[in-house]
Amino acid sequence: MAYSLIVLSLFALDSTIKSYIEKNMEIGETHPILGGKILLKRSHNKGALLNIGESHPTFVVYLSVACTILVTGGLLVAFGREEKKMLKTGLALIIGGAYSNTYDRCRRSYVVDYFSFAPMTKKVGHPLLTKWSKRCSTIVFNIADFGIFAGAALIVVAELFGKK
């Protein structure tokens, strides 16, 4: 039950924000929040991660649906194991994010992304860190993406360190 709540909560939160962004912002419009460290920015991603495959949107939709079904199956199999709570939590986060982004791809033919990190304005240590900060500020994410990332990280930690 808790895992279903994770999936539904992530899907609902991300879908609500996407709907708000679509109704209230123009593509490329940017609003700084949290002291300017985060930028609300409406963007459409017609591909997968970092727009990979945007020239083949139908393939991206089918791949997204297939991966979402595969991970859902993995969670259903994991339900049969009493232990493995980190694995199940990780899978639930991945599924919540995958459902939200896959829903977008099927309904809109693109995924709504809506926030990025502002580039660091002062030098911070090594010049590569400053360069990386500027490059990362061009990438636009959504909450579903972070659910997928956090879920994958939990699974890796669980498997590497034998956590239940």
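In which helix does Glu22 lie? I found Glu22 in helix 1, which covers residues 2–24. A reminder to myself: this is a predicted model.

Entry on Glu22. Next I listed its neighbours, skipping residues up to four places away in sequence: Glu22 touches Arg42, His44, Arg108, Tyr110 and Val112. For one of these, His44, I noted a polar contact of 2.8 Å between its side chain and that of Glu22. I also looked at Asp113, which is 91 residues from Glu22 in sequence, yet their C-alpha atoms are 9.8 Å apart in space.

Entry on backbone angles. Leu34 has a phi near 50 degrees. I placed Leu34 in the loop between strand 1 (30–33) and strand 2 (38–45), and at 65% relative accessible area it is exposed. Ser109 also has a positive phi, near 75 degrees. Ser109 sits in the loop between helix 3 (85–108) and strand 3 (111–117), and I logged it as partly exposed at 48% relative accessible area.

Which residues make the nonpolar patch of about 400 Å²? I got Val156, Val157, Leu160 and Phe161. I followed up on Val157, which is in helix 5 (residues 143–161). Val157 counts as partly exposed because its relative accessibility is 34%.

Methods
Residues numbered from 1 in each chain as written. Predicted model: local features only at pLDDT ≥ 70, side-chain atom pairs only at ≥ 80, totals over all residues. Heavy atoms only, no water. Patch = residues over 30% accessible without salt bridge, like charges linked within 9 Å, V, L, I, M, F, W, Y side chains within 5 Å. Areas by Shrake-Rupley, 256 points an atom, 1.4 Å probe, with all protein chains shown as cover. Salt bridge = Lys/Arg side-chain N within 4 Å of Asp/Glu carboxyl O. Helix = DSSP H or I, 4+ residues; strand = E, 2+ residues; numbered from the N terminus. Buried < 20%, exposed > 50% of the residue type's maximum accessible area, 1.4 Å probe, protein only. Contact = heavy atoms within 4.5 Å. Polar contact = N/O pair within 3.5 Å; in protein donor to acceptor, adjacent residues only side chain to side chain.
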